[in-house]
Amino acid sequence: MQDETESTQTVRPIVTIGLLDNDEFSLAFLERSIGELMPEARVIWKTTSGRDAVARCLDARTSPNVLLTDMSMDELSGLVVCKTIRTETARVMILAVTSFSLAVYAAKAAEAGAQGIVPKSVETPIIQAIRTVAAGGTWGEGFETAATAHARLGGRHTPRQLLLSDREAEAMNLCSRGLDTEQIAENMHLSQSSVKTYLQRAIRKLGVTTRGQAVALWTGASEGER
């Protein structure tokens, strides 16, 4: 009987985790840290694509208990990923991770529906934060539970970044890195006229009028997507 009690006290419920980061090394670091320090958890998938992470989190067959998402992404910003998921569901807890100062993203991550934020390279706080948000709590000041954030954001429109086609998104991704039309064409193996068409469509779908405004939305630098 004593053994059963001890087992009940020490064995935690299984926590399923999804990982999103544009850096393969960071994904490997997170997966290894969770595997070594959190025996009750299981990483069920990892991806470098924000669109892929959103799709997996919104599919009941692949949604994790907790999503760890980097804030600084190439394709879609971590803020857009958070807001898109939280607008649709409270089922997935979201923990933001960043290599920048937490002050850079904390308030924005909270507004976007995340349950907390931690530094990317420090293992112990990451594990503690995962356990806290998986249990329904929050990590850091100003953050809301998933249910509260969903109640606040639910019913809002899908962020415009997700309206772009894959090719339009690819063109915007390259544009956000500072590449000009000729360089984007070389990377995409397209003519410059085709690139201009993709960018014009992307700018229109994003609801802005210039490349600079489109890049600001794409990288999450603009607060207009609310």
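The legends below accompany several close-up views of one predicted model.

Residues are numbered from 1 along each chain as its sequence is written, and side-chain values use heavy atoms, with hydrogens and water left out.

View 1. The pLDDT (the predictor's confidence in each residue, from 0 to 100) averages 88 for the protein, and 90% of the residues score at least 70.

**View 2. The open parallel sheet.** Five strands, in the order β2-β1-β3-β4-β5, form an open sheet with parallel pairing; strands (E, at least two residues) and helices (H or I, at least four) are DSSP runs numbered from the N terminus, and two strands pair if DSSP finds at least two bridges between them. Because β2 (41-47) and β5 (116-119) stand at the edges with a single partner strand each, one side of each is left without a neighbour in the sheet. From one strand to the next the twist averages 25°, with axes taken as lines fitted to C-alpha atoms, for helices over the stretch in contact, and angles running from 0 to 180 degrees between N-to-C directions.

View 3. Six of the six residues of β1 are buried, so the strand is largely enclosed by the rest of the structure; buried means under 20% relative accessible area, exposed over 50% and partly exposed in between, with a 1.4 Å probe and protein chains only. Val15, Ile17 and Leu19 point one way from β1, while Thr16, Gly18 and Leu20 point the other way. Helix α4 (residues 78-88) lies across β1 (15-20), β3 (66-70) and β4, and runs at about 155° to β3.

**View 4. Packing of α4 against α7.** The axes of α4 and α7 are 8 Å apart, and the two helices pack at an angle of about 90°. They are therefore roughly perpendicular to each other, a term that covers 65 to 115 degrees, whereas angles under 35 count as roughly parallel, over 145 as roughly antiparallel and the rest as oblique. Arg86, Thr87 and Glu88 of α4 make the contact with Ala146, Ala149, His150 and Leu153 of α7.

View 5. In helix α11 (residues 211-218), the buried residues are Ala214, Val215, Leu217 and Trp218. These residues cover an arc of only 160° around the axis, which puts them on the same side of α11; the arc is that of the directions from the helix axis to the C-beta atoms. Their cover includes α3 (50-57), α8 (166-176) and α10 (192-205). Helix α8 has Glu168, Ala169, Ala171, Met172, Asn173, Leu174 and Cys175 as its buried residues, and what covers them includes α3, α9, α10 and α11. Just after α8, Gly178 takes a positive phi of about 95°.

View 6. The axes of helix α9 (residues 181-188) and α10 come within 9 Å and cross at roughly 100°, which makes α9 roughly perpendicular to α10. Thr181, Glu182, Ile184, Ala185 and Met188 of α9 make the contact with Gln192, Val195, Lys196, Tyr198 and Leu199 of α10. His189, found in the loop between α9 and α10, has a positive phi of about 55° although it is not a glycine. His189 is exposed, with a relative accessible area of 72%.

**View 7. Ser63 in the loop between α3 and β3.** Ser63 lies in this loop and is buried, with a relative accessible area of 15%. Not counting residues up to four places away in sequence, Ser63 touches Thr16, Ile44, Arg56, Cys57, Arg91 and Val92.

Conventions:
Predicted model: local features only at pLDDT ≥ 70, side-chain atom pairs only at ≥ 80, totals over all residues. Contact = heavy atoms within 4.5 Å.
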